[in-house]
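Here is a short report for a reader meeting this structure for the first time. Keep the sequence and the model in view while reading.

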Amino acid sequence: MSAPEIRGWCPGALRPMASGDGLVARVRPRGGRLSAAQAAGLARAARAHGDGAIALSSRANLQLRGVTAQGHAALLADLAALDLLDADIGAEARRNIVVTPFWRHGDATPRLAAALAAALAKADAPETPTKFGFAVDDGPAPVLRAASADIRLERAVSGALMLRADGAATGCAVTEDAAPESALALARWWLDSGGAPQGRGRMAAHLERGARLPARFDDGSVAAALAARAPAPAPGPCPQGFLAGVAFGLMSADTLTALAQAGAGLRLTPWRMALIEGAHAAPDRPEIIAAPDDPRLAVSACVGAPGCAQALAPTLPLAAALAARVPPGARLHVSGCAKGCAHPGPAAFTLVAGRAGFALIRDGRADAEPSRMGLSSDALIAHPETLFGDG
Ligand code: SF4
């Protein structure tokens, strides 16, 4: 398999990334939430300045695809009018915050997210790499442990607010007022102690390499609450509204419009789902998953060709065709190259596009050694039993 290109940075709206279908502009809603008006406006902008395709990323952002170079300035004007634009590229890159969608009216969550964003927008905020991020996960039991983040605001076993470096079992107690500055101080420590040697790095890897957290961030006495024992969030009703899945994280502008019309606002999640505030049902759209037993939930797929310039074959038709045949409890990952963007971890079945067909990796990541090579997409669709067996 060909080695994928590692870019080491994430696109934003101010600094979009070139891809196979034009520019990709990533929009980071404040507090992980879009009002209904913002969501509808974003759908209009996706149609006007892009090709209308919108991706919901594993960092709970929306990516407008197929944006033209000529349309970029007008897109930025639209985003500014919707209050979806940062002051500059640095502030945009630093505001990498994933927020639990399960907060209720009066909870500290939106205040914490807003205060953290304001602190990160200051000129003296630490210049963390774009992949470095924060999680505001302050519900009774954390739900974002599997989401990418380096610094986490969670609840301690006692119920008190705590700050925890990703990769550490314990952290330090913080007040709501002090939490943003404490989080930034922890990010500064990470930078100053060599967390990003070549301008890249993550907190957990830094700790694994032997870095010792100062006692002011972790004196070993504040244990984090255990993660929710309930299964991972699934589409369906929840106390705050309705959790709607987006198949393979890709939707049309019309579907975003339908989601905007379905409730008071959208809370974006890192699970390729959007929580529609106050809704009792999800709109009936082809990409929307409303039931927890939808077979597409067992499949991860990246945009593939032609959307991604690095992709060596289309992925989405294969993923959609095979979804109903994935064995119970297994995950299928269809990747356009060995980078494995859609599912960084291992999967029971991973199909990776290559120059001579797909490679199959069993129980591994997209960059692992394949057990079979040269599988054709058409043959897999015609005979999925050759992949999954007859069961
Ligand atoms: S995994 Fe998919 S989206 Fe990521 S670089 Fe490869 S082809 Fe592109």
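A salt bridge here is a side-chain nitrogen of Lys or Arg within 4 Å of a carboxyl oxygen of Asp or Glu. By that rule, the structure holds 17 salt bridges. The model is a predicted one.

Asp21 and Arg65 form a salt bridge. Their closest N and O atoms are 3.0 Å apart. Asp21 sits in the loop between S1 and S2, and Arg65 sits in strand S5, so the pair ties together parts that are 44 residues apart in sequence.

Arg65 has another partner, Ser19. The side chains of Ser19 and Arg65 are joined by a polar contact of 3.2 Å. Ser19 belongs to strand S1. In sequence, Ser19 and Arg65 are 46 residues apart. In space, 8.5 Å separate them, C-alpha to C-alpha. What else does Ser19 contact, leaving aside its neighbours within four places in sequence? The list is Val24, Arg65, Gly307, Cys308 and Ala309.

S1, S2 and S5 belong to an open sheet of five strands. Its order is S1-S2-S5-S4-S14, and the pairing is antiparallel. Strand S1 (17-19) and strand S14 (250-252) are the edge strands, each pairing on one side only. From one strand to the next, the twist averages 30 degrees.

Within this sheet, strand S2 (residues 22-27) pairs with strand S5 (residues 62-67). The sense is antiparallel, and four bridges make up the pairing. Opposite Ala25 stands Leu64 in S5.

A helix accompanies these strands. Helix H1 (residues 36-49) lies across S2, strand S4 (53-56) and S5. H1 runs at about 20 degrees to S5.

Another open sheet of five strands has the order S18-S19-S20-S21-S22. Its pairing is mixed. The edge strands are S18 and strand S22 (372-375), and each pairs on one side only. The twist averages 20 degrees from one strand to the next.

S18 and strand S19 (residues 332-335) run parallel and are joined by three bridges. Ser300 stands opposite His333 in S19. Strands of a sheet pair through backbone hydrogen bonds, either parallel or antiparallel.

**Domains and one interface**

How is the chain divided by the domain assignment? The assignment gives domain 1 (17-84 + 235-289), domain 2 (91-223) and domain 3 (295-388).

Take domain 1 and domain 2. Their centres, taken over C-alpha atoms, are separated by 26 Å. Contact involves 19 residues of domain 1 and 19 residues of domain 2. The size of an interface is often given as the accessible area lost when the parts come together. Domain 1 and domain 2 bury about 1500 Å² between them. Of that area, 51% is on carbon and sulfur atoms.

On the side of domain 1, Arg28, Arg59 and Arg267 lose the most area to domain 2. Together they account for 44% of what that side buries.

How many salt bridges does the rule find across this interface? The rule finds zero. Polar contacts do cross between domain 1 and domain 2: eight residue pairs, both residues at pLDDT 80 or more. Strand S15 (265-268) and strand S16 (273-277) each supply at least two residues of the side of domain 1 that touches domain 2.

Most residues other than glycine have a negative phi, and most peptide bonds are trans. The table lists departures from that pattern.

| Site | Backbone feature | Value |
|---|---|---|
| Ala305 to Pro306 | cis peptide bond | omega near 0 degrees |
| Arg272 | positive phi | about 55 degrees |
| Asp363 | positive phi | near 55 degrees |

Where do these residues lie? Pro306 is in the loop between strand S18 (299-301) and helix H8 (316-322). Arg272 is in the loop between S15 and S16. Asp363 is found in strand S21 (residues 357-364).

Note on methods:
Residues numbered from 1 in each chain as written. Predicted model: local features only at pLDDT ≥ 70, side-chain atom pairs only at ≥ 80, totals over all residues. Heavy atoms only, no water. Pairing = 2+ DSSP bridges. Axes fitted to C-alpha atoms, helices over the stretch in contact; angles between N-to-C directions. Contact = heavy atoms within 4.5 Å. Domains from an automatic or database assignment. Buried area = accessible area lost by both parts, 1.4 Å probe. Polar contact = N/O pair within 3.5 Å; in protein donor to acceptor, adjacent residues only side chain to side chain.
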